[in-house]
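I'd like to walk you through one model, so please have a look at it with me.

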Amino acid sequence: MPEQDDTEREFDLKWADNAHHKEPSARARMLAARWKDNPPGPQPFRAAPGPRTPRRSSWISTTVVLGSVAAIILLLGYANFRAPY
């Protein structure tokens, strides 16, 4: 297959973009077929957000992180203590 240079490729893209009839995308066709029999209900422009889940308190996260770091330090110290000299 011969390679196209940039001018031929640019011409092809301009020709495609200026087409009089543009076929809708597959998703647009699927939604049009679905909505033909069962149209969607009206949606507000900016709907109110759904209910938020409660966040964990920051001290629990801090405790978990510091506890993990302390456990790793103790584990490494114990491994070095048990290593033969």
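If you want to find the place on the chain, V64 belongs to helix α3, which covers residues 58–82.

Now let's step back to the whole chain. Please keep in mind that this is a predicted model. There are three helices and zero strands, so if you read along the sequence you get the pattern α-α-α.

How much of the chain is buried? Of the 85 residues, buried ones make up 1%. The chain exposes about 9100 Å², and 62% of that area is supplied by carbon and sulfur atoms.

Next, a contact between two side chains. E23 and R29 meet in a salt bridge, with 3.0 Å from N to O. That distance counts because the cut-off for a salt bridge is 4 Å. By this rule, one salt bridge is found. Is E23 buried or exposed? E23 counts as exposed, because its relative accessibility is 61% and the cut-off for exposed is over 50%.

Finally, how confident is the predictor? The mean pLDDT of the chain is 80, and 82% of the residues reach 70 or more. Confidence is highest in helix α2, residues 26–37, at a mean of 92. It is lowest in helix α1, residues 6–17, where the mean is 69.

Notes
Residues are numbered from 1 along each chain as its sequence is written. Side-chain values use heavy atoms; hydrogens and water are left out. Buried means under 20% relative accessible area, exposed over 50%, partly exposed in between (1.4 Å probe, protein chains only). Helices (H or I, at least four residues) and strands (E, at least two) are DSSP runs, numbered from the N terminus. Accessible areas come from the Shrake-Rupley method with a 1.4 Å probe; for residues, only the protein chains shown count as cover. pLDDT is the predictor's confidence in each residue, from 0 to 100.
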